[in-house]
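The sequence and structure are shown first.

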Amino acid sequence: MGSRNGRLELEFEDESLVSPSAASRKAHMLNSVQHDSISRPPQEWNRHNTGSMLLNSIKIVILSNRLNLLIPFGPLAIVVNHLSGHHGWVFFLTLLGITPLAERLGFATEQLSCFTGATVGGLLNATFGNATELIISIYAMQNGMIRVVQQSLLGSILSNMLLVLGCAFFFGGIVFNQKEQVFNKATAVVNSGLLLMSVMGVLFPAVLHYTHTEVHFGTSELALSRFSSCIMLIAYAAYLVFQLKSRKNLYIPVNEEGESARSSDEDDIPEISKWESIIWLAIITVWISFLSGYLVEALEGASIAWKMPIAFISVIVLPIVGNAAEHASAIMFAMKDKLDISLGVAIGSSTQIAMFGIPFCVIVGWIMGQPMDLNFQLFETASLFITVLVVAFLLQDGTSNYFKGLMLILSYLIVAASFFVHVDPSAIGICLSARLTENIMVLQRTATDLKSKKG
């Protein structure tokens, strides 16, 4: 969700991404300020300028995007929760309300990155790029829903690597069917390596658990997960330095002949000021945090109301709805033959979740006293491992076409169907306990009825 570190350097290098409307808006604002500063007294000018900037900021952030029409569904979900308590509707309305907020969070991060520079901007993208998933995960951990955290993070990776990238390749290939689209192979290779490293971090605790070869059963697995998470965070920090400082030339977009395409040094022109970006970041983050509480609380009830496994909702439904804005942007850039940006949205986001989001949640769980580990269970780990291998093989030649996209989309359908029929091992115990409790209550009612009849 949000802006992606994979597209950060592209936006700074590609002058075609500079918005002409933003430039004209900035010039108009400067002219207005200069005119008002001459014609108005200082106090009156300050009041007029502050009000004008506030209205302009609201217009740019709130009114300029049609997706923001979904924002009222957030308050509506709260009203429905208090009036009816129907968890299925609360969950659905909350998802709709969070979707535009996640997109606007990415927009505010991009605006702030224009003032901070590439290095700090990369760190901001790492922090806020997938902030929605991380906030939901923290709320779920507070409620002890460790499996929901693991499955939702896994779902974000699978969705971005198979569905988002597949749709980008497919629609881009349909539009440019007379040629083979190309992208920077160096970026794809480095991201594939990081994803394979994350698979290593997730695979070893699962193998340790299922082979029963732990030195101390139940503690060695958790200790290994926390140690591996620290290593993965260090690797991701080194990757940011490598990407944004040491090897900038490797991350320049390529043209259709496969050659590096350099643009002018002109930076993106921000549409809002630095302090406006910070204030909007704070407001949107707080509102997402507030709605995430309702989302997590309604998850189990929505699973019962919709007759869907919690694993399917966590792995498939949450990522598709939560990342809808980024899915659309990846497809749009691919259809404009800017495949490097689409790759940054899809693979860059997966790398953020795998190397930053998952380890971050393990460390936060450690601080909170929750046993969040890297053992994603055998079925989920196998799904991640095979997905990374399939995508790595398709990216190795640096070209794309609609058939590759179709293969990724069909692979995602197989994954989705697999999770629809998959019953989580931890959920089996919960279902058995619930059924046992229900049977006990039925027996107690029967015994009470028999006693009343005898009396």
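## Nonpolar surface patch

I174, Y402, F403, L406, M407, L410 and L413 make a nonpolar surface patch of about 630 Å². Patches consist of residues with over 30% relative accessible area and no salt bridge, with nonpolar side chains (Val, Leu, Ile, Met, Phe, Trp, Tyr) joined within 5 Å and like charges within 9 Å; a salt bridge is a side-chain nitrogen of Lys or Arg within 4 Å of a carboxyl oxygen of Asp or Glu. Accessible areas come from the Shrake-Rupley method with a 1.4 Å probe, and for residues only the protein chains shown count as cover.

The model is predicted: local features need pLDDT of at least 70 and side-chain atom pairs count only at pLDDT 80 or more, whereas totals for chains, interfaces and linings use all residues. Residues are numbered from 1 along each chain as its sequence is written, and side-chain values use heavy atoms, without hydrogens or water.

Helix 17 (residues 402-420) gives the most to the nonpolar patch, with six residues. Helices (H or I, at least four residues) are DSSP runs numbered from the N terminus. L406 belongs to helix 17 and is partly exposed, with a relative accessible area of 33%; buried means under 20%, exposed over 50%, and partly exposed in between.

S229 lies in helix 10 (residues 220-246) and is buried, at 0% relative accessible area. A polar atom of the S229 side chain lies 2.7 Å from the backbone oxygen of S225. S229 also touches (heavy atoms within 4.5 Å) P359, V362, I363 and L374, not counting residues up to four places away in sequence.

## Helix 12 and its end

Within helix 12 (residues 299-306), L299, G301, A302 and S303 are buried.

Terms used:
Helix = DSSP H or I, 4+ residues; strand = E, 2+ residues; numbered from the N terminus. Buried < 20%, exposed > 50% of the residue type's maximum accessible area, 1.4 Å probe, protein only. Polar contact = N/O pair within 3.5 Å; in protein donor to acceptor, adjacent residues only side chain to side chain.
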